[in-house]
Amino acid sequence: MRAPSTDLPLVLDRVSLTTGATAILDQLSVTIAAGQPTLIVGPNGSGKTSLLRVCMGLARPTGGTVSWGGRFDVAPLRRAFVFQRPVMLRRSVAANLDYALAHAGVPRKQRPARIAELLARVGLDDLAERPARRLSGGEQQRLALARALARTPEILLLDEPTASLDPAATRAVEDIVLAAARSGIKVVMASHDLGQVRRLGGDVVFLVRGSLREHGSAIDFLDHPATEDAARFVRGDLVI
Amino acid sequence: MDEASAWQLIATGDPTLFAIVRLSLAVSLAAVVLGAVIGLPLGAALALLRFRGRALLLVALNAMMGLPPVVVGLATYLLLSRTGPLGNLGLLFTPTAMVIVQTVLIVPIIGALTRQTIEDLAQEYRDELAALAVGPIGRMTTLLWDARFSLLTALLAGFGRAAAEVGAVMIVGGNIEGFTRTMTTAVALETSKGDLPLALGLGLILIAIVVAINAAAWAVRAVAERQAA
């Protein structure tokens with residue numbers, strides 16, 4: 001592997017994504033820089049997931065360009081993704097981590113120590129040998145986080161990881177995400193939960209129907225939204 | 001009367017009977033192992049790769065599940081016969097020839113069922129594996145491993161066809177007593193000779209073995225799934 005060059009800033013330049021006649025992302029330009037978490041906010045169907053997929057490199061824009069640290073077509077070696085409904089491999093919790101570590105190029109000898117460290121980081125120490133598919137939703141999401149962190153990412157992308165979790169499980173996931181952010185990992189997370197936006201802070205990218213409406217600090221977005229759409233969204237009105 | 005003598009043969013452990021049973025099992029299991037070695041990666045590759053003529057190949061593979069065994073037997077016979085392209089290997093009328101012919105018969109079954117299973121699972125896993133930067137080979141082995149319980153069914157289907165098959169092994173094996181006589185060919189022979197007790201005994205054992213192997217696979221799957229699903 002070459003010397004680690006940075007994937008940041010992540011720059012989207014007039015990115016469009018269309019399938020058939022529908023525009024999922026429309027001429028979207030945004031720069032995501034190192035620092036506090038970036039929250040991708042917007043109503044359902046606004047393109048949050050697609051934006052994250054483009055940021056990860058899972059989806060190729062049909063128009064415009066994406067660059068990571070000034071480079072194009074960068075393999076996702078320094079990026080990790082946590083899906084809204086993560087796929088648990090049909091093996092134990094520890095084996096799921098071992099798998100992620102192996103594919104991140106960690107030598108076999110170093111893996112047991114890393115697995116133990118990751119399990120501790122997400123609080124799954126006691127469940128190492130449990131089949132991953134037997135975990136609760138919150139535990140599965142924490143394992144997905146550990147699997148993502150196993151890749152020692154520079155950017156951690158999360159697609160509404162707490163969407164179907166109860167408050168306690170949500171808290172656990174948010175704590176792990178905040179700890180990751182504090183350790184220097186750039187967190188980019190989709191959310192439609194304004195309380196979560198306030199708790200995780202940083203900056204907000206506000207999307208409506210695939211276009212960027214606002215990009216600014218989370219506090220400003222919540223307390224002094226600049227656009228009418230954002231104001232209605234923050235008030236809890238339906239934004240279509 | 002006949003049934004009684006069939007049970008007698010089984011109960012007394014008739015050596016001829018058991019030699020036939022042993023050969024049948026060895027040939028069919030060897031064919032399943034070979035069929036798995038070829039059919040599993042073939043099915044996975046067909047599930048994951050996109051290339052020109054793929055649809056045609058899938059139709060061909062599915063159609064080959066219904067290949068008439070006697071035709072496969074005949075083709076293999078021509079291939080292995082003394083004047084055939086592989087004639088100098090001297091394989092015709094040996095158990096090896098029977099393993100080959102059964103492998104040809106079950107590779108399409110294992111391959112086609114694997115293709116379907118892996119393609120379904122790949123849908124679910126695609127993004128996650130891409131995000132973990134898993135390469136094409138890793139993707140294939142991961143999906144095969146994670147589909148292992150479903151693929152067991154594909155292997156059982158292959159074993160079922162191999163164990164029940166008569167025509168092909170008859171043609172390439174020759175049904176030589178003590179050498180290439182299997183349960184199915186022996187049943188056919190003894191029936192035509194009129195030795196119904198032996199035919200019936202062999203038939204019963206054949207059914208018992210197929211049931212036992214399926215039961216064992218079921219148990220393995222149930223236990224393993226509980227531990228690793």
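**View 1. Residues of helix H2 of chain A against helix H4 of chain A.** Val93(A), Asn96(A), Leu97(A) and Ala100(A) of H2(A) meet Leu143(A), Ala146(A) and Arg147(A) of H4(A), where two residues are in contact if their C-beta atoms, placed from the backbone, lie within 7 Å. By type, the residues of this contact are 5 nonpolar, 1 polar and 1 charged. Ala, Val, Leu, Ile, Met, Phe, Trp, Tyr, Cys and Pro count as nonpolar, Asp, Glu, Lys and Arg as charged, and the others, Gly among them, as polar. The model is predicted: local features need pLDDT of at least 70, side-chain atom pairs count only at pLDDT 80 or more, and totals for chains, interfaces and linings use all residues. Residues are numbered from 1 along each chain as its sequence is written, and chains are lettered from A in the order in which they are written.

**View 2. Axes of H2(A) and H4(A).** The axes of H2(A) and H4(A), the latter covering residues 137–149, come within 8 Å and cross at roughly 25°; axes are lines fitted to C-alpha atoms, for helices over the stretch in contact, with angles from 0 to 180 degrees between N-to-C directions. H2(A) is therefore roughly parallel to H4(A), a term for angles under 35 degrees.

**View 3. The contact between chain A and chain B.** Chain A gives 17 residues to the contact and chain B gives 14 residues. On the side of chain A that touches chain B, strand E5 (79–82) and helix H2 (93–103) each supply at least two residues; helices (H or I, at least four residues) and strands (E, at least two) are DSSP runs, numbered from the N terminus. The residues on that side of chain A comprise 13 nonpolar, 1 polar and 3 charged.

Terms used. Parallel < 35°, antiparallel > 145°, perpendicular 65-115°, else oblique.
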